[in-house]
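Take a look at the structure below. Keep it open while you read, and find each residue as it is named.

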Amino acid sequence: MKSLSVPKDNQIKAAYLIIAIHTVQVGVGIAGYPRLVFMDAKQDSWISIIITGLILSLVIACMVFILNTYKNQDLAGILCTAFGNIIGKFFSMIFVVYFLVLFLSVIINYVEFVQVFIFPKMASWFIGLLLLILVWYAVYGGIRVAVGASIVFFLSSIWMVGLLSKPISLIEVRNYLPIFSTPWKDVLKGVLISSYTFLGFELLWVIYPFIYDKKNVAKYSQFSILITVVMYLFITMVAIGYFSPKQLEQKVWPLLTMFKVISFPMFERFDILAVALWIIVILPNLILLAWMFSFTCKRAHGWKQKHCLVGLVIFSLGFIAIFDDRELINKFTDYTGQIGLVLGWAFPFILLPFAIKHRMKGKKKNAKN
Amino acid sequence: MKRKAKKTSKSSYFPCTLEQLEKDLKDGFFNSTPDFSKKTIEQNGQRIGVFFIHYMVEKDQIYKFVLDKIQSENIQWDTKLLDNEIPINNAKFRTECEEIGKDILRGSVCIYVEGDSDCITYGFPNILERTPSKAETESLVFGPKIAFTESLRSNMNIIHWRMDNSSLTSEKFIIGNEIPTEVRLVYLKDLANEENVNEMRKRLKNLETDDVLESSVLTQYIEDNSYSIFPQMYVTELPDRLCYELKEGKLSVLVDKSPSAVIAPINFFSFFESTEDLYTRWNMGSFIRLMRLVAMFLSVTLTPLYVAALTFHYEIVPTALLVSLGHSRSRVPFPPLLEALILEFLIELIREAGARLPTKVGQTMGIVGGIVIGQAIVQAGFTSNILIIIVALSALASFTVPSYLMGSAIRILRFPLIIMAGLWGFLGIFFSFSFLIIHVLKQKSLKRPYFAPIYPFRPKDLDNSIVRIPFLKSNYRAYSNMAKKTKRFNEPPNTKKKDIEE
């Protein structure tokens with residue numbers, strides 16, 4: 001497969017990765033994350049999160065190493081170079097399906113939020129349709145618009161973190177105790193359960209050829225991971241302090257529940273607004289995932305990206321219409337996390353030997369020349 | 001002119017008699033206009049004809065410089081001699097009837113010595129124009145008041161006197177195949193980005209249309225996306241605004257017969273800037289700019305928020321407010337959506353009527369509409385008090401936008417937003433907002449990003465667009481303008497900060 005040469009107009013600066021990767025990671029997962037990690041790691045959840053962060057940092061480093069080895073290649077290109085055309089295309093197809101699964105898991109989870117908090121009777125497919133229209137419209141503008149949307153949406157939703165000051169003022173320090181009493185096994189379980197929430201960094205695989213200053217990729221993507229880890233750590237810690245342990249285990253979406261206590265003179269119940277506003281948090285997720293899906297699809301098969309996008313929209317719409325059962329959604333999300341464990345977290349290390357081999361070859365060639 | 005001279009030998013029309021020429025001009029061009037004047041001078045057995053349309057030319061000058069000259073000197077005239085003797089420049093030698101007709105239509109006078117192989121035309125256009133007056137649509141409290149007029153000549157004059165810079169370049173285009181109009185591309189050669197100039201030049205050159213009515217019509221021909229509601233080029237009637245933007249490295253297009261100029265490329269936030277922000281002190285300027293942005297935001301959100309809250313999300317309204325809301329809404333028989341639409345529509349009506357009516361009646365209409373109908377509509381139980389406050393506030397807020405086009409865009413945007421809010425509550429509002437953000441992100445102005453200092457994110461450009469910092473500190477032009485020189489002036493020498501007592 002040919003390496004990509006992206007016209008300069010379509011290139012983006014590496015600095016945007018800080019926000020792009022962060023926004024594709026933060027989405028529906030974060031609303032329920034504090035509970036999930038607390039169920040396993042208890043008061044030592046912070047250790048789990050930090051360990052997850054460290055592993056993630058390693059994964060990113062590995063990804064950047066591989067990407068730097070195969071210059072100007074995206075995931076499909078690398079797979080084809082490493083495994084040959086047929087197996088490479090097969091693997092890219094697996095990734096395409098994986099992106100699709102991630103996309104679907106985000107969208108059905110959000111539809112569920114809306115149904116639980118605001119409109120219990122609104123049809124799932126309709127909420128999905130609203131989202132898909134936006135996704136289609138944004139991805140149609142190409143990578144610049146997709147990244148732009150993630151930046152603007154990030155800027156217009158990040159202030160919500162500040163609203164946690166109210167729950168912070170109600171924190172019981174007692175809830176943080178005891179520290180260091182969870183067995184190691186449970187802390188590691190917490191790491192495993194975190195894997196779904198942190199997914200999305202796969203964006204780097206696909207976006208890499210579009211980046212203008214490639215030497216900064218490592219720096220900025222690590223920085224972005226740092227922001228994500230800090231944010232998760234912050235929210236989890238606030239949730240653990242705010243809820244009593246038993247309460248936290250019962251709250252499906254602790255973050256949204258925490259918004260319930262926030263009220264303004266003109267605005268009594270912020271959580272309603274927060275759930276509607278969450279559309280801004282998950283849109284970058286959906287837009288970037290849909291872009292990853294359609295672009296990888298195009299690269300692997302040579303289909304038109306437009307057609308892939310339309311296919312995605314129609315398929316998702318059908319999927320949402322059928323799939324609106326809490327149990328099923330939960331299971332689907334769990335499975336997504338498990339697939340992500342392999343394809344997102346472990347895959348870079350599987351690819352690493354090939355990259356090293358490739359690099360050695362390149363060096364030999366250089367030496368011969 | 002050289003080319004015209006060469007054509008002389010090929011002339012198929014001349015020589016001819018004066019009567020023939022007159023007949024051909026009248027029939028072919030002026031459809032026997034009664035205003036077509038002809039003067040024949042007979043001298044030394046020669047017949048010389050002078051043709052013009054009497055209200056299109058400066059008649060006094062024709063009498064003084066042409067007729068007087070020909071009659072006072074007793075020589076054998078021919079075209080060359082006329083050119084030498086008559087003390088006016090811009091003589092054009094014409095050999096075809098059609099060319100002569102076109103010249104006369106542009107206020108020229110045509111002189112033909114019977115029997116010659118060509119004829120000569122002089123431009124004496126008599127253009128009636130108003131003197132520059134105060135700006136009407138973009139009025140300022142502070143700073144220069146002069147506004148452009150309908151004449152390209154005086155507009156260029158104003159710009160040239162204002163920009164005393166040798167690199168001020170103006171390129172001429174003639175656009176329109178039915179009614180040709182002169183269009184000028186004006187920029188500072190030292191500053192304006194080459195790619196922008198080429199792009200604009202290309203668009204003007206490739207433009208094919210019958211008539212450019214006005215500069216705001218021209219923008220609709222050459223803008224990037226005709227389907228967007230947002231204007232992508234700034235149309236201004238203020239020379240000081242234009243010159244400021246030129247100095248920042250942007251381009252401008254002036255259209256003859258139009259009292260406004262086009263500025264491009266422009267970004268979304270430029271529509272919320274006014275030159276007044278520059279004339280006031282920096283902190284005031286920043287405050288007012290930010291206030292306008294907030295006003296725009298409120299103007300778009302307030303009414304939809306009301307509709308959404310009262311239709312679906314009663315629980316977000318604080319208890320104290322809920323009581324008075326319920327009280328004032330208890331008499332209203334309509335759902336909030338209909339109530340809001342009626343009132344918004346009323347406000348739009350008052351605005352439109354006020355704009356169409358003559359000034360004196362317009363003011364009365366405003367008072368009648370605003371106070372009398374407003375009062376009556378509440379008492380009749382058509383809408384609630386609080387909605388009147390909200391709608392009036394958002395209408396007021398939308399008028400703070402300096403650009404009329406952007407203000408209108410915002411006012412119109414409210415309607416779909418209200419409907420979305422009435423149908424799907426907060427979800428509808430945030431859907432619309434996300435759609436708008438994506439839409440704005442996709443727009444371009446002259447192929448430059450429209451949402452510039454936010455995305456592509458350039459923190460340094462926030463000065464000059466969203467806020468303002470003291471002039472001595474802001475010695476760089478906005479990077480997103482892509483000016484050739486980004487430095488405005490050298491930094492002032494660093495004055496060392498003193499200790500409290502020294």
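**Chain A**

This is a predicted model. Chain A has 16 helices and zero strands. Its C-alpha atoms fill a box of roughly 70 × 45 × 35 Å along the principal axes. How does the radius of gyration of chain A agree with that of a compact globule? A compact globule with 369 residues would have a radius of gyration near 21 Å, and chain A has 21 Å, so the two agree. Buried residues make up 58% of the 369 residues in chain A. Now take the contacts in chain A between residues at least 6 apart in sequence: 85% of them join residues at least 24 apart.

**Where chain A meets chain B**

The contact takes 39 residues from chain A and 28 residues from chain B. Together the two chains bury about 3,100 Å² between them. Of that area, 79% is on carbon and sulfur atoms. Four elements of chain A each give two or more residues to the side that touches chain B: helix H5 (85–117), helix H6 (124–139), helix H7 (143–155) and helix H14 (270–301). Which of these gives the largest share? H7(A) does, with nine residues. By class, this side of chain A has 33 nonpolar, two polar and four charged residues.

How many salt bridges link chain A and chain B? The count is zero. Polar contacts do occur across the interface: six residue pairs are found, with both residues at pLDDT 80 or more.

**Salt bridges**

Over all chains, the whole structure has 35 salt bridges.

| Pair | N to O distance |
|---|---|
| B:Lys26 and B:Glu22 | 4.0 Å |
| B:Glu114 and B:Arg47 | 3.1 Å |
| B:Arg488 and B:Glu248 | 2.8 Å |

Start with B:Lys26 and B:Glu22. Both sit in helix H2 (residues 18–30) of chain B. They are four residues apart, so about one helical turn separates them. B:Lys26 is partly exposed, with a relative accessible area of 26%. B:Glu22 is at 17% and counts as buried, because buried means under 20%.

Next come B:Glu114 and B:Arg47, joined by a salt bridge at 3.1 Å. B:Glu114 lies in the loop between strand E4 (108–113) and strand E5 (119–123) of chain B, while B:Arg47 lies in strand E2 (residues 46–53) of chain B. The pair therefore ties together parts that are 67 residues apart in sequence. B:Glu114 is partly exposed, at 25% relative accessible area.

Is B:Glu248 buried or exposed? At 3% relative accessibility, B:Glu248 counts as buried. B:Arg488 counts as buried too, at 19%.

Leaving out residues up to four places away in sequence, B:Glu248 touches B:Arg477, B:Ala478, B:Asn481, B:Ala483 and B:Arg488.

Salt bridges can also join into a network. One such network links B:Glu199, B:Lys202, B:Arg203, B:Asp224 and B:Lys447.

**Backbone details**

Most residues other than glycine have a negative phi, and most peptide bonds are trans. Some places here depart from that pattern.

A cis peptide bond joins A:Leu177 and A:Pro178, with omega about 0°. A:Pro178 lies in the loop between helix H8 (165–169) and helix H9 (184–198) of chain A. In chain B, the peptide bond from B:Ala264 to B:Pro265 is cis, with omega near -10°. B:Pro265 lies in the loop between strand E10 (261–264) and helix H10 (275–279) of chain B.

Now for phi. A:Lys42 has a positive phi near 55°. This residue is in the loop between helix H2 (29–41) and helix H3 (45–69) of chain A. A:Lys42 counts as partly exposed, at 29% relative accessibility. B:Asn44 has a positive phi of about 50°. B:Asn44 is in the loop between strand E1 (36–43) and E2 of chain B, and is partly exposed at 39%.

Methods:
Residues are numbered from 1 along each chain as its sequence is written. Chains are lettered from A and ligands numbered from 1 in the order in which they are written. This is a predicted model: local features need pLDDT of at least 70, side-chain atom pairs count only at pLDDT 80 or more; totals for chains, interfaces and linings use all residues. Side-chain values use heavy atoms; hydrogens and water are left out. Contact means heavy atoms within 4.5 Å. Buried area is the accessible area (1.4 Å probe) that two parts lose on being put together, summed over both. A salt bridge is a side-chain nitrogen of Lys or Arg within 4 Å of a carboxyl oxygen of Asp or Glu. A polar contact is a pair of N or O atoms within 3.5 Å; within protein, one must be able to donate a hydrogen and the other to accept it, and residues adjacent in sequence count only if both atoms are side-chain atoms. Ala, Val, Leu, Ile, Met, Phe, Trp, Tyr, Cys and Pro count as nonpolar, Asp, Glu, Lys and Arg as charged, and the others, Gly among them, as polar. Buried means under 20% relative accessible area, exposed over 50%, partly exposed in between (1.4 Å probe, protein chains only). The radius of gyration is taken over C-alpha atoms; the globule rule is 2.2 Å times the number of residues to the power 0.38.
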